[in-house]
Structure formats: structure tokens, C-alpha cells
Amino acid sequence: MLIIKYGVVNNFSFQYSEEEYSLLDYIYPVAQEYAPDFDYNEDTGESYMAVSQAPDIFKGRYNARKLRHKFTVEEYMQDKELQGYLQALDLDSEKFWYLLLFCYDYSWGICMKGIEINKFPVEYIRDFVDAIYSNYAGSGMLGASFNETISLTLKIGRKNIVIDNNNAIACIAKFCDDGLENNDLTDLSNGHFVDLTRQSSDSVSVLAYYFSKMIISAFNHQEHLKDKRKKGANLSDKEKMVIAHSLYLTGIISNESVRESDEYLKAILKRYKNTEIKKLNSFYL
């Protein structure tokens, strides 16, 4: 293994090396949480979680100089406040450098270059049924009634087929609902589920949130950090400041004031708490 200034690896080997494996210690559990692989048992046909391939993809991108980052190891090592927080938390600076590279690259690949995932066919059907049921007012002597005027339009080329009979629409919703409940529709998930040409970008705030959550995941796998937190706290103040400094170092947040307090971090963690990013990572397919 070749080493250059500040202990940075020139190229990772894909043969097992205890030293290289150790350098990526902080990455492995995060990769397993965010990018697990799945395999299946040939005897039972059941799927199971396998070891993530994301660390190997990371090593390949690192060796090919394709990682998204622009920040340098020199900038990282010269950030004395950040290094001080790492030391106070008893975190290995070299290992944390590779974690930063991985989390930034992975976050960018899903948040800013993510591949859109289309809904499964059954999801479209469920949305269709829910939309009709949400407008359903009940059934009387004249049949089904709705809160608002309702109609269905099927477009075939230039031809439109319009159904505006309330009873017919209620029956269609009931047939679809029964079909979802009582039939095996797993084969409906086949088809154009992913369009590799359709990429979309989230806001910088979402990128900051996702990146921060990945770093938090790494912290949560360090038992000595969890042991030192205040009772009931999800993070210590020093852990928050490491993330705040990392957001600035990576360039995700360009306002230097983010390094001075954890207010921005607390704001994005609260604002995007239940945010789901339903995209594929274009860098880690």
C-alpha cells in the first residue's frame, strides 16, 4: 500500500489488507445501514441482507479519482478546531477523513444526482382507489354519492372514454381494492421501474441533512461516544460541532457561521426528520 502526505492512501487494494480495512472502519457500518446488499436463499427463495458493496465501490471511485469532493486533506488537517473535537471524542483522524469522503460522495450521488424511482404499478392503483374513497360520501336509494363531482377519463391516443356514473366509479374502486387485497400482484412490479436517464436534485439543505445523518450513523456505531452522551441525548455537543465543521469543510454550507454553533444542524435535523429520499444513488448502483 502506498502512502503519501498525511497518511493518505494513493490507491486501495481489492485484496484483503488489515491496514487498509482498518482505515475504513468508520465506513463499513454506515454503508451497511445506508446501502445494504441483498441475496436470496436458493432453497427457500427467501431474500436476506448481505454485506454492502458500497465500500468496494468507494475504493474504486477513490482509485479512479472520481470522488465528488473538492476539499483537500490539507484543509482537513489544518482545521485545528475540528481536529481538536475529534481528539476530544477519541476519534481517529485518518479514519474520519475517509468517512468524510464516503459520506459526501454517497450523499451527493443520491441527493444531487439521484435516479428517480417510479412507483410500482400497485402503488398507482392504491393511489387511484384512495382518491376515490376519500371523496366517497356514502350510498343511498340512488346508489353511490360523492362529496364532489367525479368522473374518470381514459385517453387512448386522441380518443377519450369518460365514465361519470357514480355507481360505476364506486364499483371500479371496489374491484381494484378487492384485487389488491385478494390477489398476488407481485408480478406487477416488473416493467419500467427505473429510468436511468431521469436524474433529479434536492435542495442543499436536504443534502446537508442526509450527509449529517450519515455522520450521525457512524457516531452511533461508536459505543464510547454513546456512553459519554447525556442521558436521553442523541448527540453530544462535541459530536454536533464535528458535524457543523464538516458541513463547512466539505463546502455543503458556505456560510462560515455554521462552524460557530450547532443551530443550523439542529434546524435541518428537525425540518427534514421524516423526509424520505426515494431515489437510487447514481454513484453506488
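**Entry 1: charges over rings.** I looked up arginine 61 and found its charged end over the ring of phenylalanine 283, 4.1 Å from the ring centre. I also found the charged end of arginine 68 over the ring of tryptophan 108, 3.8 Å from its centre. A charge sits over a ring if NZ of Lys or CZ of Arg is within 6 Å of the ring centre and within 35 degrees of the ring normal.

**Entry 2: the model.** I note that this is a predicted model, in which local features need pLDDT of at least 70, side-chain atom pairs count only at pLDDT 80 or more, and totals for chains, interfaces and linings use all residues. Residues are numbered from 1 along each chain as its sequence is written, and side-chain values use heavy atoms, with hydrogens and water left out.

**Entry 3: aromatic pairs.** I searched the whole structure and recorded 19 aromatic pairs. Rings of Phe, Tyr and Trp (its six-membered ring) pair if their centres lie within 6.5 Å; planes under 30 degrees apart count as stacked, over 60 as edge-to-face and the rest as tilted. The pair of tyrosine 21 and tyrosine 28 is stacked, at 4.4 Å centre to centre and 20° between the planes. The pair of tyrosine 104 and tryptophan 108 is tilted, at 5.9 Å and 35°. These two residues are about one helical turn apart, because they stand four residues apart in helix 6. Both tyrosine 104 and tryptophan 108 are buried (under 20% relative accessible area, with exposed over 50% and partly exposed in between, for a 1.4 Å probe and protein chains only).

**Entry 4: the largest pocket.** I read a volume of about 540 Å³ for the largest pocket. A pocket is an open set of points on a 1 Å grid over the protein atoms alone, where a 1.4 Å probe fits, with protein on both sides within 12 Å along at least five of seven lines; lining residues have an atom within 4 Å of a point. The lining has 25 residues, and Ala233, Asn234, Leu235, Ser236 and Lys240 are the closest to the centre. Helix 9 gives the largest share of this lining, five residues; helices (H or I) are DSSP runs of at least four residues and strands (E) of at least two, numbered from the N terminus.

**Entry 5: the second largest pocket.** I read about 370 Å³ for the second largest pocket. Of its 17 lining residues, Tyr34, Tyr106, Ile110, Tyr210 and Lys279 lie nearest the centre. Helix 9 again supplies the largest share, here three residues.

Methods: Points joined across faces, edges and corners; volume = space filled by probe spheres on them.
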